[in-house]
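Trainee: I am new to this structure. Please take a close look at one part of it with me.

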Amino acid sequence: SKSGTWSETIPAEETYTRFIVEGGGSIALTSADGETTRCRIKPGTLLEIKGDGGEGQLVWDVDDEMKILYSGELLDEQQKVAAVLLGLFIGVAGLASLGMSA
């Protein structure tokens with residue numbers, strides 16, 4: 001969980017990914033050429049920013065408190081979902097084979 005105001009650097013030529021799980025606020029993205037874009041964020045927001053053309057700066061301003069999944073955590077969550085789906089598939093296939101042999 002994060003709260004308050006903080007900033008992060010978006011490296012040139014890299015993709016920056018964040019998923020907002022809880023909370024809300026606003027972000028301001030300043031590109032390498034100095035152009036700033038502001039927007040509101042809320043739960044369910046997926047940020048995917050590509051550092052094209054140079055390093056950028058992202059400033060977060062959270063209303064209360066925010067829970068954020070970072071790039072590596074997003075992959076972990078996707079792997080958990082895949083494992084559960086695979087387990088369900090194996091379970092259903094096992095039940096179907098038991099039904100066919102009876």
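Trainee: Leaving aside its neighbours within four places in sequence, which residues is glycine 53 in contact with?

Mentor: Glycine 53 is in contact with Glu13 and Ala32, once neighbours within four places in sequence are left aside. Contact means heavy atoms within 4.5 Å. This is a predicted model, where local features need pLDDT of at least 70, side-chain atom pairs count only at pLDDT 80 or more, and totals for chains, interfaces and linings use all residues. Residues are numbered from 1 along each chain as its sequence is written, and side-chain values use heavy atoms, with hydrogens and water left out.

Now place the residue. Glycine 53 sits in the loop between β5 and β6 (56-62). Strands here are DSSP runs (E, at least two residues), and helices are too (H or I, at least four), numbered from the N terminus.

Is glycine 53 buried or exposed? It is exposed, because its relative accessible area is 68%. Exposed means over 50%, buried under 20%, and partly exposed in between (1.4 Å probe, protein chains only). Buried residues make up 25% of the 102 residues in the chain.

From glycine 53 to serine 31 the C-alpha distance is 8.4 Å, though 22 residues separate them in sequence. Across the chain, 73% of the contacts with a separation of 6 or more join residues 24 or more positions apart.
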